[in-house]
Amino acid sequence: MKVAIYARVSTTDQNYEGQLEELNALAERSGWEVVQVYSEKISGTKATEDRPELKRMMRDARLRKFEKVVVWSVDRLGRSMKNLVLVLTELKDCKIDIFSFKQAIDTSTAMGSMFFQFLGIFSEFENTIRKERQIVGIRKAKERGVRFGRKPTTEAQIAKIQWMKRNGASIRAICKEVKVSPNTVYSVIN
């Protein structure tokens with residue numbers, strides 16, 4: 001079986017050599033052919049597109065260069081549930097399994113696949129909780145008098161917009177002078 005190894009550490013003073021050593025030994029014991037190693041020193045909270053080696057691995061996964069990704073731990077693929085589920089889902093869509101050494105999770109097995117499904121459930125739960133917290137926070141802020149959205153156009157701004165327009169100023173010049181958007185200018189002059 002062709003496998004890829006992905007190793008990540010969060011800071012430049014950390015070292016992923018231990019991960020690579022263990023994962024290469026695991027591949028050898030398991031009879032897997034390591035076709036590519038991806039390793040980087042970057043935070044796991046960053047999105048896939050901000051992690052060059054993970055991004056390259058995902059591109060190679062779409063090209064089916066390997067059948068399984070071997071990682072030290074699930075959190076090496078992503079620290080946030082959202083990022084982790086996105087990576088796992090894309091790999092699953094490419095029919096590529098994941099083996100996590102530390103948690104002994106292999107998505108090619110029924111148990112590993114079940115764990116994968118649990119990750120999706122937990123991700124959905126996390127999103128729901130976050131949305132509920134946002135709603136409560138916004139409601140409390142409004143109760144304290146916090147105003148959301150654009151600042152209202154003042155009477156002085158309205159008068160200046162009207163005066164400048166009557167005197168032939170362009171929309172762009174009015175926006176720059178009064179520090180308002182073109183939509184505001186149009187709504188005042190119409």
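This is a predicted model: local features need pLDDT of at least 70, side-chain atom pairs count only at pLDDT 80 or more; totals for chains, interfaces and linings use all residues.
**Ground rules.** I number residues from 1 along each chain as its sequence is written, and my side-chain values use heavy atoms, with hydrogens and water left out.

**Aromatic pairs.** I searched the whole structure and found 3 aromatic pairs, counting rings of Phe, Tyr and Trp (its six-membered ring) whose centres lie within 6.5 Å, with planes under 30 degrees apart taken as stacked, over 60 as edge-to-face and the rest as tilted. One of them joins Trp32 and Phe99 edge-to-face, at 5.8 Å centre to centre and 65° between the planes. I placed Trp32 in the loop between helix H1 (17-30) and strand S2 (33-41) and Phe99 in strand S4 (residues 97-100), so that distant parts of the chain, 67 residues apart, are linked; helices (H or I, at least four residues) and strands (E, at least two) are DSSP runs, numbered from the N terminus. Trp32 and Phe99 are both buried, on a scale where buried means under 20% relative accessible area, exposed over 50% and partly exposed in between (1.4 Å probe, protein chains only).

I then looked at Tyr38 and Phe66, which also form an edge-to-face pair, because their planes stand at 65° with the ring centres 6.2 Å apart. Tyr38 belongs to strand S2 and Phe66 to the loop between helix H2 (52-62) and strand S3 (68-71), so the pair ties together parts 28 residues apart in sequence. Both of these residues, Tyr38 and Phe66, are buried.

**Salt bridges.** In another, Lys65 meets Asp60 at 3.6 Å, N to O, and here Lys65 is partly exposed at 45% relative accessible area, while Asp60 is buried at 4%. I also noted Arg139 with Glu143, whose closest N and O atoms are 3.6 Å apart; they are separated by about one helical turn, because they lie 4 residues apart in helix H5.

**A buried arginine.** Arg76, in helix H3 (residues 74-77), counts as buried because its relative accessibility is 10%. I found its side chain reaching the backbone oxygen of Arg8 at 2.8 Å, a polar contact (a pair of N or O atoms within 3.5 Å; within protein, one must be able to donate a hydrogen and the other to accept it, and residues adjacent in sequence count only if both atoms are side-chain atoms).

**Positive phi.** I checked residues other than glycine and noted Arg64, with phi near 60°, in the loop between H2 and S3. Lys179 likewise has a positive phi of about 60° without being a glycine, and I located Lys179 in the loop between helix H7 (171-178) and helix H8 (182-189). Arg64 is partly exposed at 45% relative accessibility, whereas Lys179 is exposed at 70%.

Methods:
A salt bridge is a side-chain nitrogen of Lys or Arg within 4 Å of a carboxyl oxygen of Asp or Glu.
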